[in-house]
Amino acid sequence: MYAIIENGGKQYKVSEGDVVRVEKLNAEVGAEVSFNVVMIADGSAVKVGQDVASAKVTATVQAQDKYKKIIVFKYKAKKNERKKQGHRQPFTAVKIEKIAL
């Protein structure tokens, strides 16, 4: 059984026991959070729309961290114009505990 959840404008495919890095959530480590369910697939049955309106995916927050730094370098050729910038996107690692219909 797996579910498609929505968080931060993105969708994630999750199963029970998975650890997923989602957009940063305002929750403490160890707190329980729930997500909007878009779809649930159980064997051969697929449920979407009104069928999953009451479905719930609960997860436990494992960590609040940042991804590896990426370098953003912009320049204009032949103009001696350069700009170097780094970015580390924050994320929340959650462990999927239960998928309930």
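Two strands are taken to pair if DSSP finds at least two bridges between them. On that basis, in this predicted model, strand β7 (residues 70–76) and β8 run antiparallel and are joined by seven bridges. Strand β8 itself covers residues 81–87. Within the pair, isoleucine 71 has glycine 86 of β8 as its bridge partner.

With a relative accessible area of 86%, lysine 78 is exposed. Asparagine 80 sits in the loop between β7 and β8 as well, and its phi is near 55 degrees, again a positive value in a residue other than glycine. Asparagine 80 is also exposed, its relative accessible area being 67%.

On the nonpolar side of the account, Ile71, Phe73 and Tyr75 make a surface patch of about 370 Å². In a regular strand, side chains alternate between the two faces of the sheet. Tyrosine 75 counts as exposed because its relative accessible area is 57%, where exposed means over 50%. A positive surface patch is formed by Lys66, Lys69, Lys84 and Arg88. One of these residues, lysine 84, is placed in strand β8, and at 64% relative accessibility it is exposed.

The pairing around β4 comes next. Strand β4 spans residues 32–42. Strand β1 (residues 2–7) runs antiparallel to β4, and five bridges join the two; in this pair isoleucine 5 stands opposite valine 37 of β4. Strand β5 (residues 45–48) likewise pairs with β4 in the antiparallel sense, over four bridges, and aspartate 42 has alanine 45 in β5 as its bridge partner. Strands β4 and β5 form a hairpin with two residues between them, and glycine 43 in the turn shows a positive phi of about 70 degrees.

A further partner of β4 is strand β6 (residues 56–66), which runs antiparallel to it and is joined to it by four bridges. Here the bridge partner of valine 33 is alanine 59 in β6.

The C-alpha atoms of glutamate 28 and threonine 58 are separated by 15 Å, and the two residues are 30 apart along the chain. Valine 29 is found in the loop between β3 and β4 too, and at 55% relative accessibility it also counts as exposed. From C-alpha to C-alpha, valine 29 and threonine 60 are 7.9 Å apart in space, with 31 residues as their separation in sequence.

Finally, there is the matter of charge pairing. Side chains of opposite charge can pair when their charged atoms come close. The structure holds one salt bridge, in which the side chains of glutamate 23 and lysine 10 meet at 2.8 Å, N to O. This pair links distant parts of the chain: glutamate 23 belongs to strand β3 (residues 19–23) and lysine 10 to strand β2 (residues 10–14), with the two 13 residues apart. Glutamate 23 is partly exposed at 23% relative accessibility, and lysine 10 is partly exposed with a relative accessible area of 38%.

Methods
Residues are numbered from 1 along each chain as its sequence is written. This is a predicted model: local features need pLDDT of at least 70, side-chain atom pairs count only at pLDDT 80 or more; totals for chains, interfaces and linings use all residues. Side-chain values use heavy atoms; hydrogens and water are left out. Patches are made of residues with over 30% relative accessible area and no salt bridge: like charges are joined within 9 Å, nonpolar side chains (Val, Leu, Ile, Met, Phe, Trp, Tyr) within 5 Å. Accessible areas come from the Shrake-Rupley method with a 1.4 Å probe; for residues, only the protein chains shown count as cover. A salt bridge is a side-chain nitrogen of Lys or Arg within 4 Å of a carboxyl oxygen of Asp or Glu. Lys and Arg count as positive and Asp and Glu as negative; His and the chain ends are not counted. The place of a charge is taken as NZ of Lys, CZ of Arg, CG of Asp or CD of Glu. Buried means under 20% relative accessible area, exposed over 50%, partly exposed in between (1.4 Å probe, protein chains only).
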